[in-house]
Amino acid sequence: AKLIREGNHLIFKDPAKAKQIAKKLYDDANENSPQKINALLILAQADALLANYDSSLQYALEAKDLSEKLSDQSYKIRIYAYLGYHYQRLNIQDKAWKYIDEAEQTIKTKPLPDSLSYLKGNIFFTKASMYQKELDCAYAINYFDQAIKAYHESIKNEYSNTNLGLAYSQKGYCELEINQLTEAESSLK
């Protein structure tokens, strides 16, 4: 658990070092274990930051296959949300929608504890970003609000704190775009 936490912390600071840790975790893991899935997610995210999109996708798809064998739905949700975000970044919208909708459907059938609400927030945040880009900000704000609510539910989680600020700022940009200046000021504060 300590190495997984360390690898996750290093993804944005030092992706090459995060990959070294994740490769060790992967090599030491049992075949269908959460450790192997966590290692693959670290590898996928680090490679995406290093602009190695093909290998990032391969790691994520391997993690998806492994997660579908586990009874713990949180891994599947994390990976579907990551794949939705990854495909969105690559402008492959049909696959982005497919995975983000699968993540949302999984949450509806298997609700998460409050401590993992940040995963729900990630899904809503990605969906809001997709609507912001493809449809309009008025519709996206609804999903930013859902993301903010989910991040507040698991506020003790470090990922919630970071993503909460991002959700408020993106919501604020949308509010500026549709001339809701008072609301935008509040969101951006």
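**Entry: two loops**

I started at Asn 179, which sits in the loop between helix H9 (158–177) and helix H10 (181–188). I kept in mind that this is a predicted model. Asn 179 has a positive phi of about 65 degrees, although it is not a glycine. Is Asn 179 buried or exposed? Its relative accessible area is 58%, so I wrote it down as exposed.

I then looked up Asn 91. It lies in the loop between helix H5 (73–89) and helix H6 (93–109). Asn 91 is not a glycine either, yet its phi is positive, about 60 degrees. With a relative accessible area of 48%, Asn 91 is partly exposed. The cut-off decides this label, because exposed means over 50%.

**Entry: the disulfide**

How many disulfides does the structure hold? I found one. It joins Cys 137 to Cys 174, with an S to S distance of 2.3 Å. Cys 137 lies in helix H8 (residues 137–153) and Cys 174 in helix H9, so the pair ties together parts that are 37 residues apart in sequence.

I checked the handedness next. The torsion about the S-S bond of Cys 137 and Cys 174 is about -65 degrees, so this disulfide is left-handed. Cys 137 has 1% relative accessibility and counts as buried. Cys 174 has 0% and counts as buried.

**Entry: the core**

I turned to the largest nonpolar core. It has 55 residues. Which residues have the most contacts inside this core? They are Ile 37, Leu 83, Ile 123 and Tyr 151. I reminded myself of the background: in soluble globular proteins, nonpolar side chains tend to be buried together.

Setting aside residues up to four places away in sequence, Ile 37 touches Ala 63, Leu 66, Ser 67, Leu 70, Tyr 75 and Ile 79.

**Entry: H5 against H7**

I looked at how H5 and H7 pack. Their axes come within 10 Å and cross at roughly 20 degrees. That makes H5 roughly parallel to H7, since angles under 35 degrees count as such. The crossing of H5 past H7 is left-handed.

I listed the residues that meet here. From H5 they include Ser 74, Ile 77, Arg 78 and Ala 81. From H7 they include Leu 119, Ile 123, Thr 126 and Met 130. Ile 123 was already in my notes, as one of the residues with the most contacts inside the largest nonpolar core.

At 5% relative accessibility, Thr 126 counts as buried. What does Thr 126 contact, leaving aside its neighbours within four places in sequence? I found Gly 84, Tyr 85, Gln 88 and Ile 100. Of these, Gly 84, Tyr 85 and Gln 88 are among the H5 residues that meet H7.

**Entry: H1 against H2**

The axes of helix H1 (residues 2–13) and helix H2 (residues 15–28) come within 7 Å and cross at roughly 155 degrees. That makes H1 roughly antiparallel to H2. H1 passes H2 in a left-handed crossing.

I noted the contacts here too. Among the H1 residues are Leu 3, Ile 4, Leu 10 and Phe 12. In H2 they meet Pro 15, Lys 17, Ala 18, Ile 21 and Leu 25.

Definitions and conventions. Residues are numbered from 1 along each chain as its sequence is written. This is a predicted model: local features need pLDDT of at least 70, side-chain atom pairs count only at pLDDT 80 or more; totals for chains, interfaces and linings use all residues. Side-chain values use heavy atoms; hydrogens and water are left out. A nonpolar core is a set of buried Ala, Val, Leu, Ile, Met, Phe, Trp, Tyr and Cys residues joined through side-chain atoms within 4.5 Å. Buried means under 20% relative accessible area, exposed over 50%, partly exposed in between (1.4 Å probe, protein chains only). Contact means heavy atoms within 4.5 Å. Helices (H or I, at least four residues) and strands (E, at least two) are DSSP runs, numbered from the N terminus. A disulfide is a pair of cysteine sulfur atoms within 2.5 Å. Axes are lines fitted to C-alpha atoms, for helices over the stretch in contact, and angles run from 0 to 180 degrees between N-to-C directions. Angles under 35 degrees count as roughly parallel, over 145 as roughly antiparallel, 65 to 115 as roughly perpendicular and the rest as oblique. A crossing is left-handed if the near helix is turned anticlockwise from the far one by less than a right angle, and right-handed if clockwise.
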